Amino acid sequence: MIFQRRVSGMGSALVLLLVVVQLVLIPDAAADSLETAEPSVESRMPRWVTASPSGSPGEETEGFSMVSPLPTPSNLTKTNTSDNITAQLGASVFLPCKTHHSMERQHLPQVSWVRRRDWHILTSGTLTYTKEARFSVHHPEGSTEWTLAIKYVELSDAGTYECQISTGGGIVSHLVHLNVVVPRAVIPGNGEYHVDTGSTISLDCFIEQSPKAPQYIFWYHNSRMINYDKDRSTVHIDTGPRVRSRLTVNNARSSDSGNYTCAAANTDPASITVYITEANKIAAIQPRAVDGANSLSGCMALMTALLFLCHALAAY
């Protein structure tokens with residue numbers, strides 16, 4: 001009986017001990033489980049893994065490590081160079097980009113062209129990611145050149161293009177600013193050109209905003225092309241910094257008057273009207289004008305005298 005009481009008392013003590021252990025240990029276990037189920041915000045952030053050019057994984061190298069924190073603009077993208085290129089409307093243009101990296105297969109960088117206006121990826125590697133067939137990338141095998149080609153340039157193509165070169169340390173960026181111009185033909189003057197008979201007609205036509213000289217510049221006189229009229233007219237083209245075509249017509253005649261048009265291959269035409277004046281006709285017109293003025297003066301004097309006479313008679 002006494003033994004049973006002792007066993008019962010030991011059982012009660014054991015139960016009490018288990019209750020105390022649970023109260024002490026369970027909160028710590030619950031906290032550990034919560035920490036395991038809900039990692040910290042920092043541990044949930046993605047980690048950026050890059051290929052180190054040297055050293056073992058995790059080893060700190062100059063400028064970056066094998067495993068880096070979330071990338072920032074400073075360690076993700078670096079703009080090294082930029083170019084400005086001008087293209088004329090309707091022509092083709094080539095935007096250059098060089099990698100300057102080893103071309104061994106294991107070190108090949110990933111090169112992409114991005115249009116900054118809408119952040120549209122145009123090309124990646126040698127593949128094109130746009131429905132517009134005007135865009136393509138030129139990359140000769142084994143070279144470091146990745147040239148973006150744009151055919152039939154439009155005004156909307158103007159803007160900034162970015163060549164992104166993915167390397168082990170992030171992205172190296174090369175920017176190209178494209179400017180699109182519309183060439184135009186200009187003949188100096190107010191639209192009229194006056195010359196005497198027997199003199200020389202000299203007309204200049206300038207092709208402005210043209211990155212390169214047009215394939216041809218034709219001159220027309222009243223819709224007839226006169227570039228090859230060698231009897232009295234000549235055409236000289238100057239392809240200097242400012243393209244100029246000069247038409248010269250010797251010994252001007254009255255039949256040379258009319259409309260003269262300069263039409264280039266890459267511009268709208270420009271026109272001017274030429275007036276040929278005969279010197280003897282001008283001399284004949286001037287005396288008649290003087291005689292007319294004298295006659296008018298005499299008539300006015302006669303009318304004044306008649307009015308005075310009428311007034312005198314009425315008073316009498």
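Which residue forms a salt bridge with Arg134, and how far apart are the closest N and O atoms? Asp157 does, with the closest N and O atoms 2.8 Å apart. The legends below place this pair among other details of the structure. This is a predicted model, in which local features need pLDDT of at least 70 and side-chain atom pairs count only at pLDDT 80 or more, while totals for chains, interfaces and linings use all residues. Residues are numbered from 1 along each chain as its sequence is written, and side-chain values use heavy atoms, with hydrogens and water left out.

**View 1. Confidence along the chain.**
The average pLDDT of the protein is 75, and 60% of the residues score at least 70. The term pLDDT denotes the predictor's confidence in each residue, from 0 to 100. Residues 29-75 have a pLDDT below 50, yet this stretch has 37 contacts in the model beyond near neighbours in sequence; a contact means heavy atoms within 4.5 Å. Residues 282-296 also have a pLDDT below 50, and this stretch has one contact beyond near neighbours in sequence. Where pLDDT is low, the predicted coordinates should not be read in detail.

Side chains of opposite charge can pair when their charged atoms come close. A salt bridge is counted when a side-chain nitrogen of Lys or Arg lies within 4 Å of a carboxyl oxygen of Asp or Glu. Asp157 belongs to the loop between β11 and β12 (159-167), and Arg134 to the loop between β9 (127-128) and β10, so the pair ties together parts that are 23 residues apart in sequence. Strands are DSSP runs of E with at least two residues, numbered from the N terminus. Asp157 is buried at 2% relative accessibility, and Arg134 is buried at 12%. Here buried means under 20% relative accessible area, exposed means over 50%, and partly exposed lies in between (1.4 Å probe, protein chains only). Both residues belong to a network of salt bridges that links Glu132, Arg134, Glu154 and Asp157.

**View 2. Two further salt bridges.**
The structure holds eleven salt bridges. One of them joins the side chains of Lys98 and Glu145, at 3.9 Å from N to O. This pair links distant parts of the chain, 47 residues apart: Lys98 is in the loop between β6 (93-95) and β7 (110-115), and Glu145 is in the loop between β10 (135-138) and β11 (147-150). Lys98 is partly exposed at 45% relative accessibility, and Glu145 is partly exposed at 33%. Another salt bridge is formed by Glu208 and Arg184, whose closest N and O atoms are 2.9 Å apart. Glu208 is in strand β16 and Arg184 in strand β14 (residues 184-186), and this pair too links distant parts of the chain, 24 residues apart. Glu208 counts as buried at 18% relative accessibility, whereas Arg184 counts as partly exposed at 43%.

**View 3. An open sheet of three strands.**
The strands of this sheet follow the order β6-β11-β10, with antiparallel pairing. Strands β6 and β10 stand at the edges, each with a single partner strand, so one side of each is left without a neighbour in the sheet. Two strands pair if DSSP finds at least two bridges between them. Strands β6 and β11 are joined in the antiparallel sense over three bridges. Leu95 has Leu148 in β11 as its bridge partner.

**View 4. An open sheet of five strands.**
In this sheet the order is β15-β22-β21-β17-β18, and the pairing is mixed. The edge strands, β15 (192-196) and β18, each pair on one side only. Strand β15 runs parallel to strand β22 (residues 270-277), and five bridges join the two. Val195 has Ile276 in β22 as its bridge partner.

**View 5. Two residues with positive phi.**
Gln209 is a residue other than glycine with a positive phi, near 55°. Gln209 is placed in the loop between β16 (201-208) and β17 (217-221) and is partly exposed, with a relative accessible area of 46%. Ser223, also a residue other than glycine, has a positive phi near 75°. Ser223 lies in the loop between β17 and β18 (224-225) and is exposed, with a relative accessible area of 70%.

Terms used. Helix = DSSP H or I, 4+ residues; strand = E, 2+ residues; numbered from the N terminus.
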